[in-house]
Amino acid sequence: MESAKLLSAIIETAIDGIITIDDKGLIESINPSALKIFGYEEQDLIGKNISVLMPEPDKSRHDGYLHRYQNTGEKK
């Protein structure tokens, strides 16, 4: 099995929720376990900001966290 197909199979069958985002915090992919955890359909989340899945105060602060990390490399 080629590595891309293997990785995809692992992500799709993982028990843990796995979500990938782009550099702006927009959801690029979400596996079935994450969909079950959050109670959404894939089409409801792809392209949305990851902060839609967060409670306050992180929801309001998340874009700032990303911006600071991109500018400084500082993780928080």
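This report describes the fold, core, surface and selected residues of a predicted protein model.

## Basis

The model is predicted: local features need pLDDT of at least 70, side-chain atom pairs count only at pLDDT 80 or more, and totals for chains, interfaces and linings use all residues. Residues are numbered from 1 along each chain as its sequence is written, and side-chain values use heavy atoms, without hydrogens or water.

## Overall fold

The protein has 4 helices and 2 strands. Helices (H or I, at least four residues) and strands (E, at least two) are DSSP runs, numbered from the N terminus. The order along the sequence is α-β-β-α-α-α. Along the principal axes, the C-alpha atoms fill a box of roughly 40 × 30 × 20 Å.

The accessible surface is about 5,700 Å², by the Shrake-Rupley method with a 1.4 Å probe; for residues, only the protein chains shown count as cover. Carbon and sulfur atoms hold 55% of that surface. Of the 76 residues, 20% count as buried. Buried means under 20% relative accessible area, exposed over 50%, and partly exposed in between (1.4 Å probe, protein chains only). Contact means heavy atoms within 4.5 Å. Among contacts between residues at least 6 apart in sequence, 17% join residues at least 24 apart.

## Nonpolar core

The largest nonpolar core has 7 residues: I27, I30, A34, L35, L45, I50 and L53. Such a core is a set of buried Ala, Val, Leu, Ile, Met, Phe, Trp, Tyr and Cys residues joined through side-chain atoms within 4.5 Å. Strand β2 (27-30) and helix α2 (32-38) are the elements that give two or more residues to this core.

Beyond four places in sequence, L53 contacts I19, I27, F38, Y40 and L45. I50 sits in the loop between α3 and α4. I50 counts as buried because its relative accessibility is 10%. I50 and S29 are 21 residues apart in sequence, and their C-alpha atoms are 11 Å apart.

H62 lies in helix α4 (residues 58-72). H62 has a relative accessible area of 13%, so H62 is buried. Not counting residues up to four places away, H62 touches N49, I50, S51 and M54.

Q70 is also in α4. Q70 is partly exposed, because its relative accessible area is 45%. Outside its four-place neighbourhood, Q70 contacts D23 and K24. Q70 and D23 are 47 residues apart along the chain, with C-alpha atoms separated by 8.3 Å. A polar atom of the Q70 side chain lies 2.4 Å from the backbone oxygen of D23.

P57 is in the loop between α3 and α4. A cis peptide bond joins E56 and P57, with omega about 5 degrees. Most peptide bonds are trans.

## Surface patch

Which residues form a nonpolar patch on the surface? They are I37, F38 and Y40, with about 290 Å² of accessible area together. Patches are made of residues with over 30% relative accessible area and no salt bridge; like charges are joined within 9 Å, and nonpolar side chains (Val, Leu, Ile, Met, Phe, Trp, Tyr) within 5 Å. A salt bridge is a side-chain nitrogen of Lys or Arg within 4 Å of a carboxyl oxygen of Asp or Glu.

Y40 lies in the loop between α2 and α3 (42-45). Its relative accessible area is 35%, so Y40 is partly exposed. Y40 is also one of the contacts of L53.

How values were computed. A polar contact is a pair of N or O atoms within 3.5 Å; within protein, one must be able to donate a hydrogen and the other to accept it, and residues adjacent in sequence count only if both atoms are side-chain atoms.
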